[in-house]
Amino acid sequence: MQPIQQVAIVGGTHGNEFSGIYLIRQYQRQPEFLQRQSFHAWTLFANPQAHSANKRYLDADLNRQFRREDLDNPALSNYEQSRAKVIDAVLGPKGNPKVDLVIDLHNTTSNMGPVLILTQAGDFYNQLAGYVKMKMPEAVISCDEDHLPAEAHKLLCTTGRYGVIVEVGPQPQSVLRQDVLEQMHSMTQHILDFADLYNRQQLPPLPAEVAAYRYLHSITLPLNEQGERLGMVHSHVQDQDFKPIKPGDPIFKLFDGKELLYEGESDVYPSFINEAAYYDNNLAMSLNEKITLVVPPVAGD
(Lines give C-alpha, C1' and ligand atoms only; values in the text may rest on other atoms or scores of the structure.)
Protein backbone atom coordinates (compact mmCIF):
# COMPACT_ATOMS: atom_id res chain seq x y z
CA MET A 1 0.00 0.00 0.00
CA GLN A 2 1.45 3.33 -1.06
CA PRO A 3 0.67 5.91 1.64
CA ILE A 4 -0.89 9.33 1.20
CA GLN A 5 1.86 11.83 1.95
CA GLN A 6 0.71 15.09 0.34
CA VAL A 7 -2.90 16.33 0.26
CA ALA A 8 -4.04 19.50 -1.53
CA ILE A 9 -7.43 21.06 -0.75
CA VAL A 10 -8.47 23.29 -3.63
CA GLY A 11 -11.04 26.07 -3.47
CA GLY A 12 -12.19 28.59 -6.05
CA THR A 13 -11.77 26.48 -9.17
CA HIS A 14 -14.90 28.39 -10.15
CA GLY A 15 -14.66 31.96 -8.95
CA ASN A 16 -18.34 32.39 -8.01
CA GLU A 17 -18.61 29.19 -5.94
CA PHE A 18 -17.92 30.73 -2.57
CA SER A 19 -17.99 27.88 -0.05
CA GLY A 20 -14.68 26.35 -1.10
CA ILE A 21 -12.98 29.74 -1.13
CA TYR A 22 -14.14 30.66 2.35
CA LEU A 23 -13.40 27.17 3.66
CA ILE A 24 -9.76 27.20 2.56
CA ARG A 25 -9.45 30.68 4.08
CA GLN A 26 -10.78 29.23 7.32
CA TYR A 27 -8.25 26.40 7.13
CA GLN A 28 -5.46 28.91 6.56
CA ARG A 29 -6.52 30.75 9.72
CA GLN A 30 -7.02 27.53 11.65
CA PRO A 31 -4.44 25.05 10.31
CA GLU A 32 -5.35 22.54 13.00
CA PHE A 33 -8.21 21.49 10.73
CA LEU A 34 -5.62 20.31 8.19
CA GLN A 35 -3.22 18.59 10.54
CA ARG A 36 -3.15 14.81 10.64
CA GLN A 37 -0.54 12.41 11.97
CA SER A 38 0.50 10.76 8.73
CA PHE A 39 0.53 13.36 5.93
CA HIS A 40 0.96 17.03 5.09
CA ALA A 41 -2.13 18.93 3.88
CA TRP A 42 -2.25 22.39 2.39
CA THR A 43 -4.61 24.66 0.44
CA LEU A 44 -4.66 26.11 -3.07
CA PHE A 45 -6.81 28.96 -4.39
CA ALA A 46 -7.28 27.82 -7.99
CA ASN A 47 -8.81 30.81 -9.80
CA PRO A 48 -8.38 34.03 -7.81
CA GLN A 49 -8.82 36.33 -10.82
CA ALA A 50 -12.23 34.86 -11.64
CA HIS A 51 -13.21 35.30 -8.00
CA SER A 52 -12.09 38.93 -8.05
CA ALA A 53 -14.28 39.43 -11.13
CA ASN A 54 -17.15 37.53 -9.42
CA LYS A 55 -17.36 35.14 -12.37
CA ARG A 56 -17.22 31.39 -12.83
CA TYR A 57 -14.24 31.91 -15.14
CA LEU A 58 -12.68 34.64 -17.29
CA ASP A 59 -11.99 32.87 -20.60
CA ALA A 60 -12.79 29.17 -20.19
CA ASP A 61 -13.94 26.74 -17.51
CA LEU A 62 -10.81 25.98 -15.48
CA ASN A 63 -12.22 22.60 -14.47
CA ARG A 64 -12.17 21.42 -18.09
CA GLN A 65 -8.51 22.18 -18.87
CA PHE A 66 -6.62 19.23 -17.37
CA ARG A 67 -6.39 16.63 -20.12
CA ARG A 68 -2.73 15.72 -20.46
CA GLU A 69 -2.69 16.61 -24.16
CA ASP A 70 -4.18 20.05 -23.40
CA LEU A 71 -1.69 20.72 -20.63
CA ASP A 72 1.11 19.88 -23.07
CA ASN A 73 -0.25 22.17 -25.80
CA PRO A 74 1.41 25.62 -25.64
CA ALA A 75 -1.14 27.02 -28.11
CA LEU A 76 -3.81 26.77 -25.39
CA SER A 77 -2.86 29.96 -23.63
CA ASN A 78 -5.90 31.93 -22.46
CA TYR A 79 -6.10 32.76 -18.75
CA GLU A 80 -7.63 29.49 -17.49
CA GLN A 81 -5.61 27.35 -19.89
CA SER A 82 -2.44 29.02 -18.65
CA ARG A 83 -3.58 28.79 -15.05
CA ALA A 84 -4.17 25.04 -15.51
CA LYS A 85 -0.56 24.62 -16.61
CA VAL A 86 0.60 26.44 -13.48
CA ILE A 87 -1.61 24.28 -11.24
CA ASP A 88 -0.39 21.13 -12.99
CA ALA A 89 3.18 22.16 -12.25
CA VAL A 90 2.29 22.65 -8.57
CA LEU A 91 0.19 19.51 -8.03
CA GLY A 92 1.42 17.27 -10.82
CA PRO A 93 2.70 16.88 -13.35
CA LYS A 94 -0.35 14.83 -14.22
CA GLY A 95 0.80 11.25 -14.61
CA ASN A 96 3.68 11.64 -12.13
CA PRO A 97 2.22 13.91 -9.44
CA LYS A 98 3.77 15.39 -6.34
CA VAL A 99 0.37 15.33 -4.61
CA ASP A 100 -1.21 12.05 -3.59
CA LEU A 101 -4.77 13.30 -2.98
CA VAL A 102 -6.53 16.36 -4.40
CA ILE A 103 -9.82 17.43 -2.80
CA ASP A 104 -11.55 19.98 -5.03
CA LEU A 105 -14.37 21.97 -3.38
CA HIS A 106 -17.41 22.99 -5.42
CA ASN A 107 -20.92 24.39 -5.10
CA THR A 108 -23.95 23.72 -7.25
CA THR A 109 -27.18 25.67 -7.56
CA SER A 110 -28.97 22.30 -7.78
CA ASN A 111 -30.63 20.60 -4.83
CA MET A 112 -28.04 17.83 -4.59
CA GLY A 113 -27.06 18.00 -0.94
CA PRO A 114 -23.50 16.97 0.02
CA VAL A 115 -22.04 14.83 -2.78
CA LEU A 116 -18.72 13.02 -2.95
CA ILE A 117 -17.77 12.69 -6.62
CA LEU A 118 -15.35 9.91 -7.49
CA THR A 119 -13.60 10.46 -10.80
CA GLN A 120 -11.78 7.12 -10.94
CA ALA A 121 -12.50 3.54 -9.96
CA GLY A 122 -10.59 1.43 -7.46
CA ASP A 123 -10.38 0.03 -3.95
CA PHE A 124 -9.15 3.31 -2.42
CA TYR A 125 -12.18 5.18 -3.77
CA ASN A 126 -14.65 2.50 -2.71
CA GLN A 127 -13.25 2.40 0.81
CA LEU A 128 -13.36 6.20 0.94
CA ALA A 129 -17.00 6.12 -0.19
CA GLY A 130 -17.81 3.55 2.49
CA TYR A 131 -16.13 5.60 5.19
CA VAL A 132 -17.76 8.91 4.21
CA LYS A 133 -21.19 7.30 3.92
CA MET A 134 -20.75 5.66 7.33
CA LYS A 135 -19.74 8.93 8.99
CA MET A 136 -22.14 11.13 7.01
CA PRO A 137 -25.26 9.15 6.06
CA GLU A 138 -26.80 12.10 4.23
CA ALA A 139 -23.88 12.12 1.76
CA VAL A 140 -24.48 11.02 -1.83
CA ILE A 141 -21.80 9.07 -3.69
CA SER A 142 -21.45 9.91 -7.38
CA CYS A 143 -19.17 8.33 -9.99
CA ASP A 144 -18.32 10.70 -12.84
CA GLU A 145 -16.81 9.16 -15.97
CA ASP A 146 -14.78 6.71 -13.87
CA HIS A 147 -14.25 4.57 -16.98
CA LEU A 148 -11.82 7.10 -18.46
CA PRO A 149 -8.06 6.88 -17.91
CA ALA A 150 -6.79 9.73 -15.75
CA GLU A 151 -4.88 11.38 -18.59
CA ALA A 152 -8.13 11.78 -20.55
CA HIS A 153 -9.95 13.48 -17.69
CA LYS A 154 -10.43 17.24 -17.93
CA LEU A 155 -10.98 17.81 -14.20
CA LEU A 156 -8.51 19.57 -11.91
CA CYS A 157 -8.63 16.91 -9.21
CA THR A 158 -7.24 14.30 -11.62
CA THR A 159 -3.83 15.97 -11.44
CA GLY A 160 -3.20 14.07 -8.19
CA ARG A 161 -2.58 10.36 -7.72
CA TYR A 162 -6.09 10.28 -6.29
CA GLY A 163 -8.67 13.01 -6.71
CA VAL A 164 -12.21 13.68 -5.55
CA ILE A 165 -14.72 16.51 -5.74
CA VAL A 166 -16.81 17.68 -2.83
CA GLU A 167 -19.95 19.15 -4.44
CA VAL A 168 -22.57 20.72 -2.17
CA GLY A 169 -25.83 22.51 -2.93
CA PRO A 170 -28.18 24.16 -3.36
CA GLN A 171 -26.34 27.45 -3.15
CA PRO A 172 -26.78 30.40 -5.52
CA GLN A 173 -23.72 31.67 -7.32
CA SER A 174 -21.75 34.33 -5.44
CA VAL A 175 -23.60 33.57 -2.19
CA LEU A 176 -22.72 31.80 1.07
CA ARG A 177 -25.06 29.50 2.99
CA GLN A 178 -24.20 28.31 6.48
CA ASP A 179 -25.67 24.82 6.02
CA VAL A 180 -23.80 24.28 2.75
CA LEU A 181 -20.48 25.52 4.15
CA GLU A 182 -20.83 23.30 7.20
CA GLN A 183 -21.64 20.24 5.07
CA MET A 184 -18.59 20.95 2.90
CA HIS A 185 -16.41 21.27 5.99
CA SER A 186 -17.77 18.03 7.47
CA MET A 187 -17.20 16.00 4.31
CA THR A 188 -13.70 17.42 3.84
CA GLN A 189 -12.79 16.52 7.42
CA HIS A 190 -14.08 12.98 6.93
CA ILE A 191 -11.94 12.61 3.80
CA LEU A 192 -8.85 13.80 5.69
CA ASP A 193 -9.63 11.45 8.56
CA PHE A 194 -10.02 8.57 6.13
CA ALA A 195 -6.65 9.26 4.48
CA ASP A 196 -4.93 9.34 7.88
CA LEU A 197 -6.56 6.10 9.06
CA TYR A 198 -5.83 4.50 5.67
CA ASN A 199 -2.15 5.36 6.02
CA ARG A 200 -1.96 3.96 9.54
CA GLN A 201 -4.00 0.87 8.64
CA GLN A 202 -6.47 1.76 11.38
CA LEU A 203 -9.68 2.07 9.37
CA PRO A 204 -12.75 0.87 11.27
CA PRO A 205 -14.92 -1.89 9.78
CA LEU A 206 -16.66 -0.45 6.73
CA PRO A 207 -19.99 -1.35 5.11
CA ALA A 208 -19.62 -4.15 2.59
CA GLU A 209 -21.26 -2.09 -0.15
CA VAL A 210 -22.45 1.45 -0.81
CA ALA A 211 -25.19 2.75 -3.08
CA ALA A 212 -23.91 5.21 -5.66
CA TYR A 213 -24.91 6.95 -8.90
CA ARG A 214 -22.90 6.66 -12.11
CA TYR A 215 -23.07 9.39 -14.73
CA LEU A 216 -24.59 8.33 -18.06
CA HIS A 217 -25.07 11.49 -20.10
CA SER A 218 -26.54 14.99 -19.98
CA ILE A 219 -29.69 16.25 -21.69
CA THR A 220 -30.38 19.72 -23.02
CA LEU A 221 -33.35 22.00 -22.68
CA PRO A 222 -35.78 21.83 -25.62
CA LEU A 223 -34.66 24.22 -28.36
CA ASN A 224 -36.01 25.38 -31.72
CA GLU A 225 -33.98 25.42 -34.93
CA GLN A 226 -32.59 28.85 -34.03
CA GLY A 227 -31.29 27.57 -30.70
CA GLU A 228 -33.95 29.41 -28.69
CA ARG A 229 -35.37 27.70 -25.61
CA LEU A 230 -38.85 26.28 -26.01
CA GLY A 231 -39.42 25.30 -22.40
CA MET A 232 -38.01 24.59 -18.96
CA VAL A 233 -37.40 21.79 -16.51
CA HIS A 234 -40.74 20.37 -15.37
CA SER A 235 -41.82 21.03 -11.78
CA HIS A 236 -42.13 17.25 -11.40
CA VAL A 237 -38.32 17.05 -11.72
CA GLN A 238 -37.17 20.39 -10.28
CA ASP A 239 -35.23 19.97 -6.98
CA GLN A 240 -35.58 16.17 -7.18
CA ASP A 241 -31.90 15.40 -7.65
CA PHE A 242 -31.12 11.67 -7.36
CA LYS A 243 -34.83 10.82 -7.27
CA PRO A 244 -35.93 8.36 -10.01
CA ILE A 245 -37.33 9.48 -13.34
CA LYS A 246 -39.41 6.67 -14.82
CA PRO A 247 -40.24 6.10 -18.50
CA GLY A 248 -43.19 8.31 -19.35
CA ASP A 249 -42.59 10.83 -16.57
CA PRO A 250 -42.77 14.51 -17.61
CA ILE A 251 -39.36 16.16 -17.68
CA PHE A 252 -39.95 19.44 -19.58
CA LYS A 253 -42.82 21.93 -19.69
CA LEU A 254 -42.94 23.90 -22.92
CA PHE A 255 -43.97 27.53 -22.96
CA ASP A 256 -47.00 26.61 -25.07
CA GLY A 257 -48.23 24.36 -22.27
CA LYS A 258 -47.19 20.99 -23.69
CA GLU A 259 -45.23 18.45 -21.66
CA LEU A 260 -42.28 16.42 -22.91
CA LEU A 261 -41.96 12.96 -21.38
CA TYR A 262 -38.91 10.87 -20.62
CA GLU A 263 -38.61 8.31 -23.41
CA GLY A 264 -35.95 6.03 -21.95
CA GLU A 265 -36.55 2.36 -21.27
CA SER A 266 -35.48 2.25 -17.61
CA ASP A 267 -35.35 4.47 -14.55
CA VAL A 268 -32.66 7.15 -14.38
CA TYR A 269 -31.59 9.43 -11.57
CA PRO A 270 -31.04 13.13 -12.37
CA SER A 271 -28.40 15.41 -10.91
CA PHE A 272 -27.31 18.99 -11.57
CA ILE A 273 -30.97 19.73 -12.31
CA ASN A 274 -31.31 23.25 -13.73
CA GLU A 275 -27.72 24.07 -12.75
CA ALA A 276 -27.26 27.78 -13.43
CA ALA A 277 -23.67 27.39 -14.60
CA TYR A 278 -24.74 25.02 -17.39
CA TYR A 279 -27.25 27.37 -19.01
CA ASP A 280 -24.60 28.64 -21.41
CA ASN A 281 -24.70 25.16 -22.95
CA ASN A 282 -28.48 24.76 -22.46
CA LEU A 283 -27.88 21.69 -20.30
CA ALA A 284 -30.95 20.76 -18.28
CA MET A 285 -29.59 17.95 -16.10
CA SER A 286 -27.29 14.96 -15.93
CA LEU A 287 -28.77 11.47 -15.94
CA ASN A 288 -27.30 8.68 -13.82
CA GLU A 289 -27.80 5.00 -13.17
CA LYS A 290 -27.95 3.63 -9.65
CA ILE A 291 -25.11 1.22 -8.87
CA THR A 292 -23.59 -0.58 -5.91
CA LEU A 293 -19.93 -0.09 -4.99
CA VAL A 294 -18.31 -3.09 -3.34
CA VAL A 295 -16.13 -1.94 -0.44
CA PRO A 296 -13.01 -4.08 0.07
CA PRO A 297 -12.48 -5.23 3.66
CA VAL A 298 -9.94 -3.27 5.65
CA ALA A 299 -6.91 -4.82 7.28
CA GLY A 300 -7.97 -6.93 10.23
CA ASP A 301 -11.56 -7.50 9.04
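A crossing of two helices is called left-handed if the near helix is turned anticlockwise from the far one by less than a right angle, and right-handed if clockwise. Helices (H or I, at least four residues) and strands (E, at least two) are DSSP runs, numbered from the N terminus. The structure above is a predicted model, in which local features need pLDDT of at least 70 and side-chain atom pairs count only at pLDDT 80 or more, while totals for chains, interfaces and linings use all residues. Residues are numbered from 1 along each chain as its sequence is written, and side-chain values use heavy atoms, with hydrogens and water left out.

Let's begin with helix α1 (residues 18-29) and helix α6 (residues 178-199). The crossing of α1 and α6 is right-handed. Their axes come within 10 Å and cross at roughly 60°; axes here are lines fitted to C-alpha atoms, for helices over the stretch in contact, and angles run from 0 to 180 degrees between N-to-C directions. The two helices are therefore oblique to each other, given that angles under 35 degrees count as roughly parallel, over 145 as roughly antiparallel, 65 to 115 as roughly perpendicular and the rest as oblique.

Which residues of α1 and α6 make the contact? From α1 come Ser19, Gly20, Leu23 and Tyr27, and from α6 come Val180, Leu181, Met184, His185, Thr188 and Gln189. Contact means heavy atoms within 4.5 Å. The residues of this contact divide into 5 nonpolar, 5 polar and no charged. In that count Ala, Val, Leu, Ile, Met, Phe, Trp, Tyr, Cys and Pro are nonpolar, Asp, Glu, Lys and Arg are charged, and the others, Gly among them, are polar.

## The sheet of 9 strands

Next comes an open sheet of 9 strands with mixed pairing, in the order β2-β1-β3-β6-β4-β5-β7-β12-β11. Two strands pair if DSSP finds at least two bridges between them. At the edges stand β2 and β11 (269-271), each with a single partner strand, so one side of each is left without a neighbour in the sheet. Direction ignored, neighbouring strands of this sheet are turned by 30° against each other on average. Helix α1 also packs on this sheet, where it touches β1, β2 and β3 (101-107), and its direction makes about 135° with that of β2.

| Strand pair | Sense | Bridges |
|---|---|---|
| β1 (residues 6-11) and β2 (residues 40-45) | parallel | 6 bridges |
| β3 and β6 | parallel | 7 bridges |
| β4 (residues 113-118) and β6 | antiparallel | 6 bridges |
| β7 (residues 209-220) and β12 (residues 283-294) | antiparallel | 11 bridges |
| β8 and β9 (residues 250-254) | antiparallel | 3 bridges |

Individual partners can be picked out in the structure. Val7 has Ala41 in β2 as its bridge partner, and Glu209 has Val294 in β12.

How many residues of strand β6 (residues 162-169) are buried? In this strand, 8 of its 8 residues are buried, where buried means under 20% relative accessible area, exposed over 50% and partly exposed in between (1.4 Å probe, protein chains only). In a regular strand the side chains alternate between the two faces of the sheet. Both faces of β6 are covered, with Tyr162, Val164, Val166 and Val168 on one side and Gly163, Ile165, Glu167 and Gly169 on the other. Within β6, Ile165 stands opposite Asp104 and also opposite Ile117. Strand β1 is mostly covered too, with 5 of its 6 residues buried.

## The sheet of 3 strands

There is also an open sheet of 3 strands with antiparallel pairing, in the order β8-β9-β10. Its edge strands are β8 (231-233) and β10 (259-261), each of which pairs on one side only. The twist averages 30° from one strand to the next. Met232 stands opposite Lys253 in β9.

Val237 sits in the loop between β8 and β9. Is Val237 buried or exposed? Val237 counts as buried, because its relative accessibility is 2%. Not counting residues up to four places away in sequence, Val237 touches Ile245, Pro250, Ile251, Ile273 and Met285. Val237 and Pro93 are 144 residues apart in sequence and 41 Å apart in space, C-alpha to C-alpha.

Gln81 belongs to helix α4 (residues 79-91). With a relative accessible area of 15%, Gln81 is buried. Leaving aside neighbours within four places in sequence, Gln81 is in contact with Gln65 and Leu76.
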